[in-house]
Amino acid sequence: MFNTTAWNRIRYGLYAPVYDLVADRAFRRARRLALGQVTWHPGMRVLLVGAGTGLDLPWLPRDIELHATDLSPGMVRRLAQRAEAQGRDVQAEVMDAECLDYPDAHFDVVVMHLILAVMPDPEKGLAEARRVLKPEGQLCVMDKFQTDEHPAGLVRRGLNALTSAIATDITRQARPLLSSAGFVIEQDTPVMMGSLFRALLARKGNTVSATSAAPHEG
Ligand SMILES: C[S@@+](CC[C@H](N)C(=O)[O-])C[C@H]1O[C@@H](n2cnc3c(N)ncnc32)[C@H](O)[C@@H]1O
């Protein structure tokens, strides 16, 4: 499968100048619904992982401490420009979601929009999100998922070889992914194209399956 972090850095650098044309208007409602599921409080420390050009910014409260990371420098540059244009204070950094440069239990909210279906190893991304979340922290996910009822069939898996290389993986299953990473799903809402795109709100559970624990997980 031609889906690697190195390739994603290259291709998202190429997509960055036109990303908003594809992902702004189309996902506005989905972003609003997903972020609307979070319980917000003033002063919360919030992390956007794989934040892209910052299209989530308009749907986030202003009275929070906001951090945003992405693999692609081109995306981070655009996000910083958007933040400045909106008069928002955002700490924007180039960072790999598989290896977040933050201490354990640092954030109240971690947002992962349209990244779990992009990363070659979403289990690692979720393990890192869990590590940096405070015990009562909230994980906000919005993405496209294969139904939880059964794994992808042969045709879908065949097609996935192409879609995962140029766009996103179409075989990922939300509940198995989040549960085995040690999250308890509190809300699971279809937000776009029937139930293809879903918004999930999850909290840290007490246990992680042995296979998905991050190396530095306690
Ligand atoms: C489909 S875009 C979603 C961007 C944004 N979250 C949004 O909702 O518009 C996927 C983003 O994930 C970033 N990305 C892919 N792999 C990553 C990784 N390993 N670490 C951090 N960001 C990554 C890409 O650079 C790209 O900006």
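The following legends describe close-up views of a predicted model.

**View 1. Overall fold of the protein.** The protein contains seven helices and seven strands. Read from the N terminus, its elements follow the order α-α-α-β-β-α-β-β-α-β-α-α-β-β. Along the principal axes, the C-alpha atoms occupy a box of roughly 50 × 40 × 30 Å. Of the contacts with a separation of 6 or more, 69% join residues 24 or more positions apart.

**View 2. The shell around the ligand.** The ligand is surrounded by 20 residues, and the closest are Tyr12, Gly50, Gly52, Leu71 and Ala97. Helix α1, which spans residues 5-15, gives the most to this shell, with three residues. By class, the shell consists of 11 nonpolar, six polar and three charged residues.

**View 3. The largest nonpolar core.** In soluble globular proteins, nonpolar side chains tend to be buried together. In this protein, 41% of the 218 residues count as buried. The largest nonpolar core has 56 residues. Val49, Val110, Val111, Met112, Leu139 and Cys140 touch the most other members of this core.

**View 4. The surroundings of Cys140.** Cys140 is one of the residues that touch the most other members of the largest nonpolar core. Leaving aside residues up to four places away in sequence, Cys140 touches Ala34, Leu35, Gln37, Val38, Val109, Val111 and Leu201. Among these partners, Val111 is also listed with Cys140 for touching the most other core members.

**View 5. Ala105, a residue with positive phi.** Ala105 lies in the loop between β3 (90-94) and β4 (107-113). Although Ala105 is not a glycine, its phi is positive, at about 50°. Ala105 counts as partly exposed because it has 15 C-beta neighbours inside 10 Å, whereas a buried residue requires 20 or more.

**View 6. Leu114, a residue with positive phi.** Leu114 is located in the loop between β4 and α5 (122-132). The phi of Leu114 is near 55°, a positive value in a residue other than glycine. Because Leu114 has 20 C-beta neighbours inside 10 Å, it counts as buried.

Methods:
Residues are numbered from 1 along each chain as its sequence is written. This is a predicted model: local features need pLDDT of at least 70, side-chain atom pairs count only at pLDDT 80 or more; totals for chains, interfaces and linings use all residues. A residue is near a molecule or strand if its C-beta atom, placed from the backbone, lies within 6 Å of it. Helices (H or I, at least four residues) and strands (E, at least two) are DSSP runs, numbered from the N terminus. Ala, Val, Leu, Ile, Met, Phe, Trp, Tyr, Cys and Pro count as nonpolar, Asp, Glu, Lys and Arg as charged, and the others, Gly among them, as polar. A nonpolar core is a set of buried Ala, Val, Leu, Ile, Met, Phe, Trp, Tyr and Cys residues joined through C-beta atoms within 7 Å. A residue is buried if 20 or more other C-beta atoms lie within 10 Å of its own, exposed if 12 or fewer, and partly exposed in between; C-beta atoms are placed from the backbone. Two residues are in contact if their C-beta atoms, placed from the backbone, lie within 7 Å.
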